[in-house]
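Let's take a friendly walk through this protein, going from charged pairs to the core, the strands and the surface. Please keep the model open as you read.

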Amino acid sequence: MDVVFHTEKAVFNYRVAGVWIQDGRILLHRASEDKIWSLPGGRVEMNEASPLSLQREFTEELDLSVQVGRMVWIVENFFEYREKKVHEIGLYYLVSTDDKQALPNGSFHGVEGERLVYEWVPISELEDVVLYPEFLKKALKKIPETTEHLIVSN
């Protein structure tokens, strides 16, 4: 069971996300029918440690085994999505892999089919992308040396 709670007017979501930077590019994903990009990851399941959630999400979505590094950001994110207010707690971890399977350049789909679109986006071009939470556009250019706690509202 995912740690997500729906009410009539709002949603609470507990999410993990992977910060995977390679060759000056960051891996992003979005729902196929959406224009909003985010860092890959997903919801934490009840009684699941957040690093294990992130490993599970990368396995389910990309059939990749990733190493979860240090936590970069703890984000309390308040935004509206599909006419509902969302209160999201997001844990953002550095990720990497020893897996020699290369992810393609350009847009591609994961193993779940066409539900999600992935793309390696040059960090220098993030200002031109609809990326949420928006703080990532600047923050990804200089990853902090210690974990930062942020409260953001879009």
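How many salt bridges does a search of the whole structure find? The search finds seven, where a salt bridge is a side-chain nitrogen of Lys or Arg within 4 Å of a carboxyl oxygen of Asp or Glu. Before the details, please note that this is a predicted model, in which local features need pLDDT of at least 70 and side-chain atom pairs count only at pLDDT 80 or more, while totals for chains, interfaces and linings use all residues. Residues are numbered from 1 along each chain as its sequence is written, and side-chain values use heavy atoms, with hydrogens and water left out.

| Partner | Closest N to O |
|---|---|
| Glutamate 45 | 3.7 Å |
| Glutamate 60 | 3.4 Å |

Helices (H or I, at least four residues) and strands (E, at least two) are DSSP runs, numbered from the N terminus. Glutamate 60 and arginine 56 are separated by about one helical turn, because they are four residues apart in helix α1.

Which of these side chains are buried? Both glutamate 57 and arginine 56 are, the latter at 16% relative accessibility. Glutamate 45 counts as partly exposed at 28%, and so does glutamate 60 at 35%. Here buried means under 20% relative accessible area, exposed over 50%, and partly exposed in between (1.4 Å probe, protein chains only).

**The nonpolar cores**

A nonpolar core is a set of buried Ala, Val, Leu, Ile, Met, Phe, Trp, Tyr and Cys residues joined through side-chain atoms within 4.5 Å. The largest one has 21 residues, and Leu28 and Trp73 have the most contacts inside it. Two or more residues each come from β2 (10-19), β4 (25-31), β6 (67-81), β9 (113-122) and α2 (136-139). The largest share, three residues, is from β6.

Leaving aside residues up to four places away in sequence, leucine 28 touches several others, including Trp37, Leu39, Pro40, Val117, Val121 and Leu131; contact means heavy atoms within 4.5 Å. There is also a second, separate core of 18 residues, with Leu27, Val44, Leu103 and Tyr118 among them.

**An open sheet**

Four strands form an open antiparallel sheet in the order β3-β4-β9-β8; two strands pair if DSSP finds at least two bridges between them. At the edges are β3 (21-22) and β8 (108-110), each pairing on one side only. Two antiparallel bridges connect β3 and β4, and glutamine 22 has arginine 25 in β4 as its bridge partner.

**Back in the loop**

Methionine 46 also lies in the loop between β5 (41-43) and α1 (50-62). Methionine 46 is partly exposed, with a relative accessible area of 40%.
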